[in-house]
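Hello,

Here is the structure I promised to pass on to you. Have a look at it first, and then read on for what turned up.

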Amino acid sequence: MLAQDAVNPGDTAWVLVCAGLVLFMTPGLAVFYGGMVRTRNVLAMLQQNIVALGVVSLTWVLVGYTIAFGDDAGTGLFGNLELLGLTDLKVPPAPNLHVVAGQVTIPTLAFVAYQMMFAVITPALVTGATAGRLKFAGWVLFLAIWSIVVYAPVAHWLWHPDGWLARFGTQDWAGGMVVHASAGAAVLGVLLVVGRRRGWPHTATPPNSIPLTILGAGILWFGWFGFNGGDGLQANGVAAQAIVNTHLAAAAGMLVWLVAERLKDGHSTVVGSVTGAVAGLATITPAAGYVNAISAIVIGAIAGIVCHTALRLKYLLRLDDALDVLAVHFVGGMLGSLLLGLFGDSGINPLGKDGLFFGGGGSLLWHQVVGVVCVVAFSFVLSWAIAAAVQAVVGLRAPADVQDNLDHAQQDADAYHLGGVAGLIGTGAPQRRRRTGREGRAGGPAQPVQRARLVTATVDPALLPTTRELREALLGAGATSIVISDAAVSTAEPASRALPRGYWQDQDLVDRARVDVVVEGEAVRAVLDVLGRYGADRSESLVQDVQLATDVR
């Protein structure tokens, strides 16, 4: 490495902080995707993302880094193997790397760590498209191979000074092509191998936790400051410009997406908010260090319109992209790379070039078109080949009979242990009160029941009062024992349910709460009247003679 006096502590600290921010994006992506899948596939989704931190970190150190940033092997396609296993780090990154002006002032290992986090999160993007269909062992093998065979060469093409696209004149600030376009093309290839979910596109599942998705989106937005802000490898004005551009593009993408949602679906949603923001973030990524603030706003706004329109892309291609990775990341990455050819401004970064709108003519736009086409074609072909090979050897597609419950099949665990009844409102106070005597214990009736009848009905949970009010109403009507449980009932008219990003589904089974009440015979009518206030239909309720366990001899 460089002598200690040549290292700039400020630049080094900034790059290391940015490396941490980009690392944080991987669990953020896991949470973002994890909230969008069905309840029984949450753990599998989280695992598919988190495992990239283990697999790709090792492949990067062992061979990925030297392919991406080792001295060019002479063709501009990949680096030589002199840095295999990081065994011979003599000098820091070349001073004329894609975004660095002048002498690089950070240790080589700081650069290795920062670039490692990009290598980790890139293939993880694929998991959103393949939700509910990946076999874990096959996915791990795909990750390892793809990070070496696809990601590392593409990084060399664009981010090494001797890469053939870098020499050609193509620019990519933080991964519009290296990350988003290459991962999006990989989605196309992998989906051809793993196929569609059962019943798609005529079935759809609601997200298990929209708040979890919003949390993940917030982590991604936060981490993106390191994703785009650190690529200059210096704590300077270009880094500040990149961060401001990142935030403005996300804000513009969010607002435009919300307007598009309102016009198309009649309402704006919180999932739409974060989806538009992520679209803006993905689209500004290749241009963040090369354009001014106004251009960043325009780029983000264009992303909101184009990516929202691209939601239909998966239906046109007949590809089951579960969480719209193609519309947001693939389209966004390509779009931003092309828009750089229009909005590039060398006044922002002397290493940048002027685009068509800033007097640079069409040269940069042409270079960007060539770069996008070549990266997409390369990643698509090799990703399909890798996925097909993995499917043939160990299997990449999970068996159809376990796709609806990957958590049990792959981890023998559940993400949640809550039911609808547990979510009913109960009475309480800021300070827990001490229980005494028989309070809070479940038991039989306080007095013997002479002629026990069991009333069973289903009620609408949305109409239920607090647990105490319901209990007191039923007890007042003569109930001696009350049990409430979750249930789903058939409905003659399917209930339409809104899903994120403008989708919807028809539910032939709707959620209800089942209420079982033991009463004296003469109190049945009063109990049915109480339950009727909460949506119970008498024609579908049951009244039965029962024998209490205490009466069994």
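This is a predicted model: local features need pLDDT of at least 70, side-chain atom pairs count only at pLDDT 80 or more; totals for chains, interfaces and linings use all residues.

Which residues are they? The buried ones in helix 11 are S295, A296, I299, G300, A303, G304, C307 and H308. At the start of helix 11, the backbone nitrogen of I294 has a side-chain oxygen of N292 within 3.2 Å. The length of helix 11 also fits expectation: with 1.5 Å a residue, its 17 residues should span 24 Å, which agrees with the 25 Å between its end C-alpha atoms.

Now to the aromatic rings. The whole structure holds 18 aromatic pairs. One of them is W139 with F142, a stacked pair with 5.7 Å from centre to centre and 15° between the planes. These two residues sit 3 residues apart in helix 5 (residues 136-159), so about one helical turn separates them. W139 is buried at 1% relative accessibility, and F142 is buried with a relative accessible area of 1%.

Another pair is W173 with Y290, which is edge-to-face because the planes stand at 85°, with ring centres 5.3 Å apart. W173 belongs to the loop between helix 6 (164-168) and helix 7 (176-194), and Y290 to the loop between helix 10 (270-284) and helix 11 (293-309), so this pair ties together parts 117 residues apart in sequence. Both W173 and Y290 are buried.

Finally, one aromatic cluster is made up of W60, Y65, F69, F111 and Y151.

Enjoy exploring!

Terms used
Residues are numbered from 1 along each chain as its sequence is written. Side-chain values use heavy atoms; hydrogens and water are left out. Rings of Phe, Tyr and Trp (its six-membered ring) pair if their centres lie within 6.5 Å; planes under 30 degrees apart count as stacked, over 60 as edge-to-face and the rest as tilted. Helices (H or I, at least four residues) and strands (E, at least two) are DSSP runs, numbered from the N terminus. Buried means under 20% relative accessible area, exposed over 50%, partly exposed in between (1.4 Å probe, protein chains only). The expected span of a helix is 1.5 Å times one less than its number of residues. A polar contact is a pair of N or O atoms within 3.5 Å; within protein, one must be able to donate a hydrogen and the other to accept it, and residues adjacent in sequence count only if both atoms are side-chain atoms.
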